[in-house]
Amino acid sequence: MTEEEIAVINDYWKLSDDISTVFQYTLKQIDDKHKPNKVRPVRFLAKKSVFVFPHNLLTCQECDCNIPVINRRDLINRINSEEKITCSDCVDRGLQRILDGANQIVNEYRAEKFAPIAYLNNLAVEELLVLLSITTEYTENNAFLGMSPDDVIITGIQMIDKNIVLSLIDKKALVYIPEVPFNVERASNVIYSLSNITFNNTVQYWPSESVYPGIYVNSLALDRGEEVSDISQILYQKLQSLILSVDDVVKIHQIIKETQIGKLYELVREIAKEYQIEIDNSNILGGLIEHVAGNYSPMKIYYTFRVKAWDTLAYLYKDSVSGYRAKHIFTASVRNYIQYIEDKGFELKKSWTLPQHIRASSFEALFSRLYLDGHFDWNRLSAKAVVALWLENVRLEEGAQELLAKEGQNSTE
Ligand SMILES: [Zn+2]
């Protein structure tokens, strides 16, 4: 900017006297006055200037610093509005104070709710496995797992998951916060909305500093009281050192069996949809599924289901059966076939890949990694085979060994 242009700007801001807010020149007068110097128009030059004007309505109400005006209209508007204003530094400082206060409230609440507790030795084997599959999946401290005990999915079998989650809450390995006190909720909302401002309006749905109702992983303390930073590692070590009782084996066996049964029911639904056949959810189907879940892999059963679904379709078409009888043909057909191969001592040889949506749960994936060398999931194994592989990789109490040996004899008789 040249000296002449600076003179233009000075004229732009020049007041007619020291007390009024009337400008000495109109814009046209300024342009006319400076025309001989070949300067750019005042409208253009004024855009690049700000003006500090000593007036109590133009200073910050907190720190008294001067807040510059950016053009004549701004100056007049601000004086006419008669409102005291705050400078951006003071606004920032104010927001920071509010944020600090909110953080303090939330942090104190978190410290109280997530006080490290030495719960490790109270956990049963299935609880250790469930907690390890949770901490492997959600690695951050005090991870949010769901709104209520019904929402936490671990094995995918709702009854099992809910019971274990309730027991883990009872033993303080998980923390259930059904509702947060009003002041904490307000503080969380403050943190939430201020973080949205702070981070350029990129929406942050769950700032980790806030606390909302839900189920969380608690902090773990060792017996000496010190907090554990890597819970997964401690859980893993604990699992490795366990010597299992009959009760432990029964519980894990149950989870494995229920999981495989759950998959087979999913497959029946899948078959019914794909082949458009009605399959009655009868006791006979229940008994059949329980039997095949124990003895065959879901992939082999799925292949058998598909073949028998074709047979069912052919039968329905040929004999035009309908109503009650039609709903039982698929189940009867699978049942007869399984009985036939078992009577003859044959095996199910062929497999069919399970549909994409029947995925291994986090529990199943972890269990497979820990105990089933080379298997990613339980889809290629019967429930009995999963249990047998697992038992090869754990240590058992003497009583449990004897009992299992006896059971083994019985089942081969
Ligand atoms: Zn200020």
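Two strands count as paired here if DSSP finds at least two bridges between them. Strands themselves are DSSP runs of E, at least two residues long, and helices are runs of H or I of at least four, each numbered from the N terminus.

With that in hand, on to the sheet. This is a predicted model, so to speak of local features takes a pLDDT of at least 70, and side-chain atom pairs count only at 80 or more, while totals for chains, interfaces and linings use all residues. Residues are numbered from 1 along each chain as its sequence is written.

Three strands make an open, antiparallel sheet, ordered β1-β3-β2. β1 and β2 are the edge strands, each pairing on one side only. From one strand to the next the twist averages 30° (axes are lines fitted to C-alpha atoms, with angles from 0 to 180 degrees between N-to-C directions). β1 pairs with β3 over two bridges, and F144 has Y216 in β3 as its bridge partner.

| β1 | 144–146 |
| β2 | 174–177 |
| β3 | 214–217 |

Zooming out, the protein has 17 helices and five strands. Its radius of gyration, taken over C-alpha atoms, is 37 Å, well over the 22 Å from the globule rule (2.2 Å times the number of residues to the power 0.38) for 413 residues, so the protein is more spread out than a compact globule. The C-alpha trace spans about 115 × 65 × 35 Å along its principal axes.

An automatic or database assignment gives domain 1 (3–81), domain 2 (91–239) and domain 3 (246–412). The centres of domain 1 and domain 3, over C-alpha atoms, are 85 Å apart.
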